[in-house]
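Q: Here is a chain with its sequence and its structure. Let us ask what its labels rest on.

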Amino acid sequence: SGPTRAARLAIGLGLAAVALWLGWGSVAAAGALYLPWYLWSADATTGSRRWEAVPGHWLWKKAHGWFPASVETTVPLDGDKQYIFASHPHGVMSIHHSMYFTNGCDFQKVSPQASRHMTAASALFWIPLVRELVLWCGGVDASRNVLDAKLKQGQSLTILVGGEHEQLLAEPNVQKAYVASRFGFVKLAMKHGVPIVPVPHLQLDAPSQAQDGEDSRDRPPNCLG
């Protein structure tokens, strides 16, 4: 809903021109240009803003190769089938999340990105620029109604089971998963007949997981179980 892309661009250019005319500088002009897109272009319910060039960019492979990080499966998964990938633990910085919403670790070979959405906390869709990254990677709000709709459409989902509560439980070199009162995704899986794939991640949450003097690149790679 809201103005078309052309209208948003016109409004943004007009606001940017006013900002420059008032002598507010280029930063203010850039913010003015972005404002219409921030106000009217977010769609955290459909994932329709996915821009394949972003999750598929080569920089993601470069970044994940530094740790190094990898995705490994213990059993073969059918790329044509629908799954709920239940990732845990959340970790402080949730760096591992990028392994699943980008193709930095070839996760697309496990589950095609075109038929899968990452889920994100509602608050992320209010943070300028961060929101755009999440949307471009096909992110959707982690609310029950949105997940229910996506599963009904035959889409796979990647979720962080423990959410913010699990994030606050993070400790160095301790793998903690918070599942108490977190059974909503199980109910949705049962409702839609979608298999749940547990996705434990190991050691990829710098800096909290690194000991003093330890190089994170010396630690075991991240894994998908």
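Q: Which residues of helix 6 (residues 144-152) are buried?
A: Val146, Leu147, Lys150 and Leu151 are buried in helix 6. Buried means under 20% relative accessible area, exposed means over 50%, and partly exposed lies in between (1.4 Å probe, protein chains only). Helices are DSSP runs of H or I with at least four residues, strands are runs of E with at least two, and both are numbered from the N terminus.

Q: What kind of model is this, and how are residues numbered?
A: It is a predicted model, in which local features need pLDDT of at least 70 and side-chain atom pairs count only at pLDDT 80 or more, while totals for chains, interfaces and linings use all residues. Residues are numbered from 1 along each chain as its sequence is written, and side-chain values use heavy atoms, with hydrogens and water left out.

Q: What puts the buried residues on the same side of helix 6?
A: Val146, Leu147, Lys150 and Leu151 are the buried residues of helix 6. They cover an arc of only 130 degrees around the axis, so they lie on the same side of helix 6. The arc is that of the directions from the helix axis to the C-beta atoms. An α-helix has 3.6 residues a turn, so residues three or four places apart point the same way.

Q: Which residues are exposed on the other side of helix 6?
A: Asn145 and Lys152 are exposed there.

Q: What covers the buried residues of helix 6?
A: The cover includes strand 1 (84-88), strand 2, strand 3, strand 4 and helix 8 (184-192). Contact means heavy atoms within 4.5 Å. Just after helix 6, glycine 154 takes a positive phi of about 85 degrees.

Q: What is the order of the open sheet, and which pairing does it have?
A: The 5 strands have the order 3-2-4-1-5, with parallel pairing. Two strands pair if DSSP finds at least two bridges between them. Strand 2 and strand 4 (residues 156-160) pair over 3 bridges.

Q: Why are strand 3 (140-141) and strand 5 (196-200) called edge strands?
A: Strand 3 and strand 5 each pair on one side only.

Q: How many helices and strands does the chain have?
A: The chain has 8 helices and 5 strands. Along the sequence they follow the pattern α-α-α-β-α-β-α-β-α-β-α-α-β.

Q: Why is the pair of tyrosine 83 and phenylalanine 85 called tilted?
A: Rings of Phe, Tyr and Trp (its six-membered ring) pair if their centres lie within 6.5 Å; planes under 30 degrees apart count as stacked, over 60 as edge-to-face and the rest as tilted. The centres of tyrosine 83 and phenylalanine 85 are 5.7 Å apart and their planes are at 50 degrees, so the pair is tilted. Tyrosine 83 has 7% relative accessibility, so tyrosine 83 is buried. Phenylalanine 85, at 0%, also counts as buried.

Q: What makes the pair of tyrosine 100 and phenylalanine 107 edge-to-face?
A: The angle between the planes is 65 degrees, and the distance is 5.3 Å centre to centre. Tyrosine 100 is buried, at 1%. Phenylalanine 107 is buried, at 1%. Ring pairs link Tyr83, Phe85, Tyr100 and Phe107 into a cluster.

Q: How do you know that lysine 61 and aspartate 106 meet in a salt bridge?
A: A salt bridge is a side-chain nitrogen of Lys or Arg within 4 Å of a carboxyl oxygen of Asp or Glu. For lysine 61 and aspartate 106 the N to O value is 2.5 Å. The pair links distant parts of the chain, 45 residues apart: lysine 61 in helix 3 (residues 58-66), aspartate 106 in the loop between helix 4 (98-101) and strand 2 (116-120). Lysine 61 is partly exposed, at 39%. Aspartate 106 is partly exposed, at 28%.

Q: Are arginine 50 and glutamate 52 buried or partly exposed?
A: Arginine 50 has 17% relative accessibility, so arginine 50 counts as buried. Glutamate 52, at 41%, counts as partly exposed. Their side chains meet in a salt bridge at 3.6 Å, N to O.

Q: Which residues are linked in a network of salt bridges?
A: Arg49, Arg131 and Glu132 are linked in that network. The side chains of glutamate 132 and arginine 131 meet at 2.3 Å, N to O. Glutamate 132 is buried, at 6%. Arginine 131 is buried, at 1%.
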